[in-house]
Amino acid sequence: MDPKEALGPETLRSLLDKQALLWLSPAHDPTDDARDLPCDPSAAHARFERCAGLLARLFPELAATGGRLSSPLSPIPHLQQRLSSVGEPGAGSEGTWFLKRDDILPVAGSVKARGGFHEALSLAERLALEAGLMDVDDDRARLAEPPIRQYLGRHTLSVGSTGNLGLAIGLIGAGLGFQAAVHMSSDAKAWKKDRLRSRGITVVEHAGDYATAVASGRAAALDAPLIHFVDDERSEALFLGYAAAAEELLYQLRTARRPVDATHPLFVYLPCGVGGAPGGITYGLKRLLGPHVHCFFAEPAASPCMLVQVAAGTRTPVPVHDIGLDNQTEADGLAVGLASPLVAPIMSRLLAGVFTVDDDTLFRDALTLERTEGISIEPSAAAGLRGPRWLLGSPRGRRYLQRHDLTPVIAGATHVIWSTGGALVPEDIRALFRARGER
Ligand SMILES: *Cc1c(COP(=O)(O)O)cnc(C)c1O
């Protein structure tokens with residue numbers, strides 16, 4: 001269907017006016033548990049387990065957890081109280097809110113650590129096995145030994161990124177002994193380029209947006225057997241690395257005595273760029289929890305690429321430019337005009353809906369989080385904070401709850417807001433974020 005027609009006149013008008021909105025996916029099937037799809041996140045989980053010793057040895061930041069990559073799940077009662085009282089009185093207080101702190105994931109300081117570590121590890125394993133330098137049953141700590149490490153050092157990990165994926169692949173790749181090259185768009189932040197260069201990582205700059213950087217990186221890797229391109233638009237290894245987060249979250253909810261079942265629904269709010277991170281996490285959660293988990297994506301009002309692609313219901317790529325949006329946003333982690341062609345089709349039945357956020361709200365909410373909970377994150381990472389408000393306090397959100405018989409059980413709900421980045425932001429940039437939030 002024509003994407004504009006598929007959106008309907010009311011939604012289209014709000015999108016074009018860059019008015020924040022909640023959109024419910026008509027193709028969403030809450031009973032779908034994605035079990036019919038072949039990708040299995042437990043393979044990624046197993047890879048992380050068998051490589052834990054290696055990671056503890058190579059990355060001092062991971063030594064404390066024995067090489068396990070994980071982030072805290074933090075209650076945020078003060079923020080919950082503050083944001084619940086916005087607008088209609090009483091609305092928004094149903095259930096308990098948590099923040100999933102991927103903003104402080106080790107090494108990369110963003111959710112990209114999950115996909116990045118998984119893809120880099122799977123490549124290192126494959127190269128060492130194919131070269132006959134390691135056996136399938138060998139301890140993966142062998143990947144840090146000089147002969148294998150030198151062999152890996154002949155290979156380059158390359159990536160196209162607006163910033164955080166480049167940071168993750170660069171820092172993780174270098175830690176594992178690879179060369180690294182990061183293709184960045186002109187809108188990528190200067191501090192991210194500086195940080196990479198200071199670690200000896202090659203940064204190639206391109207005029208244009210995220211898609212240009214990815215296309216350039218992909219082209220440079222063609223016919224170059226020693227360059228491995230990490231394809232943010234198509235990589236299954238990235239996707240599965242993100243999906244493995246589902247087991248971690250489930251374990252943490254159990255530990256926090258937050259059951260997830262028919263009378264205790266779980267709502268998860270995920271900032272979305274190209275869709276790999278939120279899509280992978282959604283996929284992993286749906287496979288484990290089926291109808292009891294409801295995933296919503298948060299996108300900038302200027303770049304709602306997943307909303308537009310899923311609404312269009314076609315495999316033909318639909319960039320946000322096609323409906324008249326410009327993809328201009330300060331949320332550089334989310335400034336993507338076209339959704340991943342790998343992830344968008346998988347999301348059509350799994351994704352409950354999308355809400356959009358304007359830039360001012362991102363900065364303001366990030367500041368509110370800092371003032372209420374003492375947690376400082378980057379603007380992109382704040383995109384999910386409005387999620388519970390949309391669900392509990394808007395007519396469309398309430399309709400969603402009624403349609404799925406959730407209204408009677410909403411007091412027992414758990415709301416997980418995924419915070420996706422921020423730990424590596426330099427202090428002077430944080431000060432700019434704060435100033436903008438105060439405006
Ligand atoms: C990359 C990123 C996202 C979204 O991930 P995608 O895979 O691009 O959808 C969200 N927040 C931050 C801070 C990011 O860097």
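Q: How far apart do the C-alpha centres of domain 1 and domain 2 lie?
A: In this predicted model, the separation between the C-alpha centres of domain 1 and domain 2 is 27 Å. The domain assignment gives domain 1 as 3–42 + 67–108 + 239–437, and domain 2 as 111–234.

Q: How many residues of each domain are in contact?
A: On the side of domain 1 there are 32 residues in contact, and they meet 23 residues of domain 2.

Q: How is the size of an interface often given?
A: It is often stated as the accessible area lost when the parts come together. Here, about 2400 Å² is buried between domain 1 and domain 2, and carbon and sulfur atoms give 61% of that area. Within domain 1, the residues that lose the most area to domain 2 are Tyr 242, Asp 332 and Leu 424. Together they make up 24% of what that side buries.

Q: How many salt bridges and polar contacts cross between the domains?
A: The rule finds five salt bridges across the interface of domain 1 and domain 2. Between the two domains, seven residue pairs are in polar contact, with both residues at pLDDT 80 or more.

Q: Which helices supply the side of domain 1 that touches domain 2?
A: Helix H11 (236–243), helix H12 (245–255) and helix H13 (276–289) each supply at least two residues. H11 gives the most, with three residues.

Q: How do the residues on that side of domain 1 divide into nonpolar, polar and charged?
A: The side of domain 1 that touches domain 2 has 20 nonpolar, six polar and six charged residues.

Definitions and conventions:
Residues numbered from 1 in each chain as written. Predicted model: local features only at pLDDT ≥ 70, side-chain atom pairs only at ≥ 80, totals over all residues. Heavy atoms only, no water. Domains from an automatic or database assignment. Contact = heavy atoms within 4.5 Å. Buried area = accessible area lost by both parts, 1.4 Å probe. Salt bridge = Lys/Arg side-chain N within 4 Å of Asp/Glu carboxyl O. Polar contact = N/O pair within 3.5 Å; in protein donor to acceptor, adjacent residues only side chain to side chain. Helix = DSSP H or I, 4+ residues; strand = E, 2+ residues; numbered from the N terminus. Nonpolar A, V, L, I, M, F, W, Y, C, P; charged D, E, K, R; others polar.
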